[in-house]
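Subject: Structure handover

Hi,

Here is the structure I promised you. Please open it first, then read my notes below.

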Amino acid sequence: MFTKPAHLPERIISGAFILHSGLGKRDVGDEQAAGMHGMAVAAYPFLRDVPPKQFARLLSTAEIVVGAALLIPLVPSRLAGAKLTAFAAALMGMYARLPGMRQPGSVWPTEQGMGLAKDAWLLGIGLSLLMNGKNGRKKNGKRKK
């Protein structure tokens, strides 16, 4: 097993949450896909050329991959943490870029922004796994005693 036992709670809880979210987006309707796409395009304009249904499928797949990486103990914590950090950073980017998510002149969320602001815990978990994810190995690849 490549995962430290101490990493299991944060990996299982965040992984299950993200996997469930990704599975729920697999077969969204046109209206829901357009809503997700519109919100993403408002934060990341380069996504404008991706059709809404394709965007929803890509987002679903990304969430399933991140969630599964966190849940599978054979995936090293640093790798799972890197995936989670990238995913959470994109969510935090949406929080920072979308109008109405934050109180004027502040980093604190509005009621509308609370859902995205809460994703900061994912970023913290991802960074923690990255920083503490050496899994008991020294730089030369030998196990620590």
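Start with helix 1, residues 8-24, which gives the nonpolar patch its largest share, 3 residues. Keep in mind that this is a predicted model. The patch covers about 770 Å² of surface. Its members are Phe2, Ile12, Ile13, Phe17, Leu71, Ile72, Leu74 and Trp121. Pick out Leu74 next. Leu74 sits in the loop between helix 3 (52-71) and helix 4 (77-97). Is Leu74 buried or exposed? Its relative accessibility is 55%, so Leu74 counts as exposed. The cut-off for that label is over 50%.

Now the overall build. The chain has 6 helices and 0 strands. Read from the N terminus, the order is α-α-α-α-α-α. The C-alpha trace spans about 55 × 35 × 25 Å along its principal axes. The chain has 145 residues, and 36% of them are buried. Its accessible surface is about 8,800 Å². Carbon and sulfur atoms account for 64% of that surface. Contacts also reach along the sequence. Take those between residues at least 6 apart: 64% of them join residues at least 24 apart.

Next, charges. The chain carries 20 positive and 8 negative charges. Side chains of opposite charge can pair when their charged atoms come close. How many salt bridges does the structure hold? It holds 1. The partners are Glu63 and Lys25, at 3.2 Å from N to O. Glu63 belongs to helix 3, while Lys25 is in the loop between helix 1 and helix 2, so the pair ties together parts that are 38 residues apart in sequence. Check the burial of both partners too. Glu63 has 6% relative accessibility, so Glu63 counts as buried. Lys25 is buried as well, with a relative accessible area of 16%. Buried here means under 20%.

Last stop: His37. You will find His37 in helix 2, residues 30-43. At 10% relative accessibility, His37 is buried. Which residues does His37 touch, leaving aside neighbours within four places in sequence? They are Leu47, Arg48, Val50, Pro51, Pro52 and Phe55. Two of these names, Pro52 and Phe55, fall in helix 3, which runs over residues 52-71.

Best wishes

Conventions: Residues are numbered from 1 along each chain as its sequence is written. This is a predicted model: local features need pLDDT of at least 70, side-chain atom pairs count only at pLDDT 80 or more; totals for chains, interfaces and linings use all residues. Side-chain values use heavy atoms; hydrogens and water are left out. Helices (H or I, at least four residues) and strands (E, at least two) are DSSP runs, numbered from the N terminus. Buried means under 20% relative accessible area, exposed over 50%, partly exposed in between (1.4 Å probe, protein chains only). Contact means heavy atoms within 4.5 Å. Accessible areas come from the Shrake-Rupley method with a 1.4 Å probe; for residues, only the protein chains shown count as cover. Lys and Arg count as positive and Asp and Glu as negative; His and the chain ends are not counted. The place of a charge is taken as NZ of Lys, CZ of Arg, CG of Asp or CD of Glu. Patches are made of residues with over 30% relative accessible area and no salt bridge: like charges are joined within 9 Å, nonpolar side chains (Val, Leu, Ile, Met, Phe, Trp, Tyr) within 5 Å. A salt bridge is a side-chain nitrogen of Lys or Arg within 4 Å of a carboxyl oxygen of Asp or Glu.
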